Amino acid sequence: MLFQESVKVPRDRIGVIIGQDGKVKSRLENMTNVDVEISDEGVVTLTGRKDSEDPVLAWKARNIIRAMARGFSPRNAFTLMDDDARLVIISLRDIVGSSRRQIRRVAGRIIGEDGKTRKIIEQTTETMISVYGYTVSIIGYYPGLDYARKAIDMLISGVPHSSVYSRLESMRRDLNRYKAQIWENSEF
């Protein structure tokens with residue numbers, strides 16, 4: 001059975017998904033063995049090819065499209081080709097309601113002045129964060145991805161930035177310990 005799925009994307013992100021001279025779309029099709037059709041209304045249809053041997057590639061294609069639709073550059077979105085990389089999309093509308101003012105206020109807390117807060121979360125947790133429209137999206141690896149999600153949840157719930165930064169320092173120490181354990185357990 002062929003994989004087929006449609007993803008609705010914002011119209012202003014169609015150009016990013018296609019890329020200059022169709023390069024991004026072609027690269028995605030070649031890397032994932034999936035055909036990609038994009039309508040003018042922003043519906044992206046992914047269809048697995050008959051000769052595709054790995055169905056996971058089609059799911060990766062879907063996540064790469066979703067990442068680009070949520071504001072990531074193609075370069076950052078293609079990191080999802082790595083088997084361990086994950087994408088998390090948080091709907092601010094689901095958490096704080098449909099008030100544009102409230103969504104803008106919470107998004108501003110996550111971004112911080114001149115992007116400071118987002119940058120601190122990204123550097124501390126080794127993730128990439130995009131705040132686009134009414135969503136916050138994270139690309140990363142375990143456990144940094146979970147730490148970034150916790151920090152963002154704290155900001156959404158109104159915890160002061162200083163407390164979030166303090167918690168991030170603790171998370172960074174945990175992340176370093178986790179990496180050290182992996183290194184010690186490896187066969188090198």
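The legends below describe close-up views of a predicted model of one protein chain.

Residues are numbered from 1 along each chain as its sequence is written, and because the model is predicted, local features need pLDDT of at least 70 and side-chain atom pairs count only at pLDDT 80 or more, whereas totals for chains, interfaces and linings use all residues. Side-chain values use heavy atoms, with hydrogens and water left out.

View 1. Helices (H or I, at least four residues) and strands (E, at least two) are DSSP runs, numbered from the N terminus. Along the principal axes, the C-alpha atoms fill a box of roughly 55 × 50 × 30 Å. Of the 188 residues, 41% count as buried, where buried means under 20% relative accessible area, exposed means over 50%, and partly exposed lies in between (1.4 Å probe, protein chains only). The chain exposes about 11,100 Å², of which carbon and sulfur atoms supply 47%; accessible areas come from the Shrake-Rupley method with a 1.4 Å probe, and for residues only the protein chains shown count as cover. Among contacts (heavy atoms within 4.5 Å) with a separation of 6 or more, 60% are accounted for by residues 24 or more positions apart.

**View 2. The open sheet of strands β1, β3 and β2.** The 3 strands follow the order β1-β3-β2 with antiparallel pairing, two strands being paired if DSSP finds at least two bridges between them. β1 (4–8) and β2 (34–38) are the edge strands, each pairing on one side only, and the twist averages 20° from one strand to the next; axes are lines fitted to C-alpha atoms, for helices over the stretch in contact, and angles run from 0 to 180 degrees between N-to-C directions.

**View 3. T47 in strand β3.** Strand β3 spans residues 43–48 and includes T47, which counts as buried at 19% relative accessibility. The side chains of T47 and Q4 are joined by a polar contact of 3.2 Å, a term for a pair of N or O atoms within 3.5 Å in which, within protein, one must be able to donate a hydrogen and the other to accept it, residues adjacent in sequence counting only if both atoms are side-chain atoms. Not counting residues up to four places away in sequence, T47 touches F3, Q4, V34 and D35.

**View 4. The open sheet of strands β4, β6 and β5, with helices α3 and α8.** This sheet of 3 strands has the order β4-β6-β5 and antiparallel pairing. Its edge strands are β4 (86–91) and β5 (128–132), each of which pairs on one side only, and neighbouring strands are turned by 15° against each other on average, direction ignored. β5 and β6 (residues 135–140) run antiparallel with 5 bridges between them, and S130 has S137 of β6 as its bridge partner. Helix α3 (residues 56–69) packs on the sheet and touches β4, β5 and β6, its direction making about 45° with that of β4. Helix α8 (residues 144–156) lies across β4, β5 and β6 and runs at about 160° to β6.

**View 5. The buried residues of helix α7.** In α7 (residues 116–125), the residues T117, I121, T124 and T125 are buried. They cover an arc of only 80° around the axis, which puts them on the same side of α7; the arc is that of the directions from the helix axis to the C-beta atoms. These buried residues pack against α6 (100–111), β5, α8 and α9 (161–185).

**View 6. Backbone geometry at N33, E126 and P143.** Most residues other than glycine have a negative phi, and most peptide bonds are trans. N33, in the loop between α2 (23–32) and β2, is not a glycine but has a positive phi of about 60°, and N33 counts as buried at 17% relative accessibility. E126, likewise not a glycine, has a positive phi of about 60°; E126 is placed in the loop between α7 and β5 and is partly exposed, with a relative accessible area of 36%. The peptide bond from Y142 to P143 is cis, with omega near -5°, and P143 is found in the loop between β6 and α8.
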